[in-house]
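This report covers charge pairs, charged surface patches, a nonpolar core and backbone angles. The sequence and structure come before the text.

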Amino acid sequence: MKRSNYITRQGWQVLDDELKFLWKQERPKVTQAVSEAAALGDRSENAEYIYGKKRLREIDRRVRFLMKRLDELTIVYPQRQQAGKIFFGAKVGLIDEDDQQVNYQLVGPDEFNVSEGKISIDSPIARALLSKQVGDEVMVKTPQGERYLEVISIDYDFSTF
C-alpha cells in the first residue's frame, strides 16, 4: 500500500530538525573523526576509521531520504470548518467495547507513534474514523477480529498556523 504524503506541521518540523542536525552537526563531527583516524596510518585495521566511514554512509543515506521525503510531503493545516468531523490531524477520543477510553491523533505515516497516541492516516482505524462525528460507532477490522469504537470527542489544534 502506498504511503500518504501528508504530514502535520509539527511532524514536518521534527523531520526538518533531524535533517539540519545530521547535516550541520553530526556529519561534520563524524567527518572530522574519520580524518583523524585516517591520519593514524593503516586504514584496513583501523576500527575507528572503518566505523566512522560506516557511520558517514548511514548519515548520508538518511540525509538523502529526508531531503527527498520533505520535498514530497504536503503539510496539512486543520481548517475551522472541519470542527465536528474527523479528518487528518484530528485528536479523537474513543470508547471501546470494554468501556476503555483511548485517544488518538490522525497523522501522516512519517510521524506515527502509537505510544504517543499518534496513528497513521493509512491505518485501518484511521480510515474507519474519517468523516465520523461524536456519537458515531465505528467497526474496525483488525487481525484480532472486529473491534467496535464509539467517538466521544474530536479536537483540532488550530494554533499551528
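The sections below start with the basis of the values and then go through the topics in turn.

## Basis of the values

This is a predicted model, in which local features need pLDDT of at least 70 and side-chain atom pairs count only at pLDDT 80 or more, while totals for chains, interfaces and linings use all residues. Residues are numbered from 1 along each chain as its sequence is written, and side-chain values use heavy atoms, with hydrogens and water left out.

Helices (H or I, at least four residues) and strands (E, at least two) are DSSP runs, numbered from the N terminus. Accessible areas come from the Shrake-Rupley method with a 1.4 Å probe, and for residues only the protein chains shown count as cover. Buried stands for under 20% relative accessible area, exposed for over 50%, and partly exposed for the range in between (1.4 Å probe, protein chains only).

## Salt bridges

The model contains 9 salt bridges, each defined as a side-chain nitrogen of Lys or Arg within 4 Å of a carboxyl oxygen of Asp or Glu. One of them joins Asp16 to Lys20, with 3.0 Å between the closest N and O atoms. Both residues belong to helix H1, and their spacing of 4 residues is about one turn of the helix. Asp16 counts as buried because its relative accessibility is 11%, whereas Lys20 is partly exposed at 42%.

Arg69 takes part in two of the pairs described here. Its salt bridge with Glu72 has an N to O distance of 3.2 Å; Glu72 and Arg69 are 3 residues apart in helix H2, so about one helical turn separates them. Glu72 is partly exposed, with 34% relative accessibility, and Arg69 is buried, with 5%. Arg69 also meets Asp110 in a salt bridge, at 2.7 Å from N to O. This second pair links distant parts of the chain, 41 residues apart: Arg69 is in helix H2 and Asp110 is in the loop between strand S4 (101-107) and strand S5 (118-120). Elsewhere, salt bridges connect Glu26, Lys29, Arg55 and Glu58 in a network.

## Charged surface patches

Patches are made of residues with over 30% relative accessible area and no salt bridge, with like charges joined within 9 Å and nonpolar side chains (Val, Leu, Ile, Met, Phe, Trp, Tyr) within 5 Å. Lys and Arg count as positive and Asp and Glu as negative, while His and the chain ends are not counted. The place of a charge is taken as NZ of Lys, CZ of Arg, CG of Asp or CD of Glu.

Which residues form the positive surface patch? They are Arg43, Lys53, Lys54, Arg57, Arg61 and Arg64. Arg43 sits in the loop between helix H1 (9-38) and helix H2 (47-72), and its 44% relative accessibility makes it partly exposed.

A negative surface patch consists of Glu97, Asp98, Asp99, Glu137 and Glu150. Glu97 lies in the loop between S3 and S4 and is partly exposed, at 43% relative accessibility.

## Nonpolar core

A nonpolar core is a set of buried Ala, Val, Leu, Ile, Met, Phe, Trp, Tyr and Cys residues joined through side-chain atoms within 4.5 Å. The largest one has 21 residues, and those with the most contacts inside it are Ile86, Val92, Leu94, Leu106, Ile125, Leu129 and Val151. Two or more residues each come from strand S3 (91-96), S4, helix H3 (124-129), strand S6 (137-142) and strand S7 (145-155). The largest contribution, 4 residues, is that of H3. In soluble globular proteins, nonpolar side chains tend to be buried together.

Val92 is part of strand S3 and is buried, with 2% relative accessibility. The C-alpha atoms of Val92 and Arg9 are 18 Å apart, and the two residues are separated by 83 residues along the chain.

## Positive phi angles

Most residues other than glycine have a negative phi, and most peptide bonds are trans. Asp99 is not a glycine, yet has a positive phi of about 60°. Asp99 is located in the loop between S3 and S4 and counts as exposed because its relative accessibility is 63%.

Ser131, also not a glycine, has a positive phi of about 70°. Ser131 is in the loop between H3 and S6 and is partly exposed, at 40% relative accessibility.
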